[in-house]
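Subject: Structure for you to look at

Hello,

Here is the structure I promised to hand over. Please open it beside this email and follow along.

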Amino acid sequence: MKLETFEDFQRAISEGKLVDVSDTAKEIGISIPVAVSSALWKTYIEPEESITVGQTKNERIWNVISLLLSTLKSGMKPFDDSSSLMVQYQVHFVNDGVLTMTSLQAIIRKAAEGQSFIQIMLEEESEHKQSNG
């Protein structure tokens, strides 16, 4: 799902395609709006089956955002097309005692109207991967 404008970003949230996690992002130190894809949310952050062992929903959100910030601070060179930065990174999730490493992609969009935002998704949802593969 390619989002070009902040309006597209807001519409995707209102349509349920993205889940707003901006409040947690602010706690971690990211001041621009942040949302995760509904696929990431439903599969790893808040799966339908109840999780009896492992991380809480808040711990999983915190990991997704804090590891993005850590990756950015590590000096990793993101893909840059001047209107957006694309960052790939990995997060471990613990669901019912099983540790799973998952590849994520974050797109930091510098929208023309001056409002920036971050969209985080599973790597297989990537617009870059879809256009190349």
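Below is what was found in it, from the overall layout down to single residues.

Overall layout

Please keep in mind that this is a predicted model. The protein has five helices and six strands. Read from the N terminus, the elements run α-β-α-β-α-α-β-β-β-β-α. The protein has 133 residues, and 41% of them count as buried. Now take the contacts between residues at least 6 apart in sequence. Of these, 49% join residues at least 24 apart.

The cores

In soluble globular proteins, nonpolar side chains tend to be buried together. Look for that here. The largest nonpolar core holds 25 residues. Val36, Leu40, Val64, Tyr89, Leu104, Ile118 and Ile120 touch the most other members. Several elements give two or more residues to this core, among them α2 (22-28), β2 (34-37), β5 (98-110) and β6 (116-122). Helix α4 (57-73) is also on that list, and α4 gives the most, with five residues.

Which residues is Ile118 in contact with, leaving aside its neighbours within four places in sequence? They are Phe9, Ile30, Ile32, Pro33, Val34, Ala35, Leu68, Ala106, Ile107 and Ile108.

There is also a second, separate core of seven residues. Phe6, Phe9, Leu18 and Phe117 are among its members. Three of these names come up again: ring pairs link Phe6, Phe9 and Phe117 into a cluster.

The stacked pair

A search of the whole structure finds four aromatic pairs. One of them is Tyr44 with Phe93, and this pair is stacked. The ring centres are 4.9 Å apart, with 20 degrees between the planes. Where do the two residues sit in the chain? Tyr44 is in helix α3 (residues 38-45), and Phe93 is in strand β4 (residues 84-95). They are 49 residues apart, so to speak a link between distant parts of the chain. Both Tyr44 and Phe93 are buried.

Helices α3 and α4 pack at an angle of about 130 degrees, and their axes are 11 Å apart. That angle makes α3 oblique to α4. The crossing of α3 past α4 is right-handed.

Best wishes

How values were computed
Residues numbered from 1 in each chain as written. Predicted model: local features only at pLDDT ≥ 70, side-chain atom pairs only at ≥ 80, totals over all residues. Heavy atoms only, no water. Phe/Tyr/Trp six-rings, centres within 6.5 Å; stacked < 30°, edge-to-face > 60°. Helix = DSSP H or I, 4+ residues; strand = E, 2+ residues; numbered from the N terminus. Buried < 20%, exposed > 50% of the residue type's maximum accessible area, 1.4 Å probe, protein only. Core = buried A, V, L, I, M, F, W, Y, C linked by side-chain atoms within 4.5 Å. Contact = heavy atoms within 4.5 Å. Axes fitted to C-alpha atoms, helices over the stretch in contact; angles between N-to-C directions. Parallel < 35°, antiparallel > 145°, perpendicular 65-115°, else oblique. Left-handed = near helix turned anticlockwise from the far one by under 90°.
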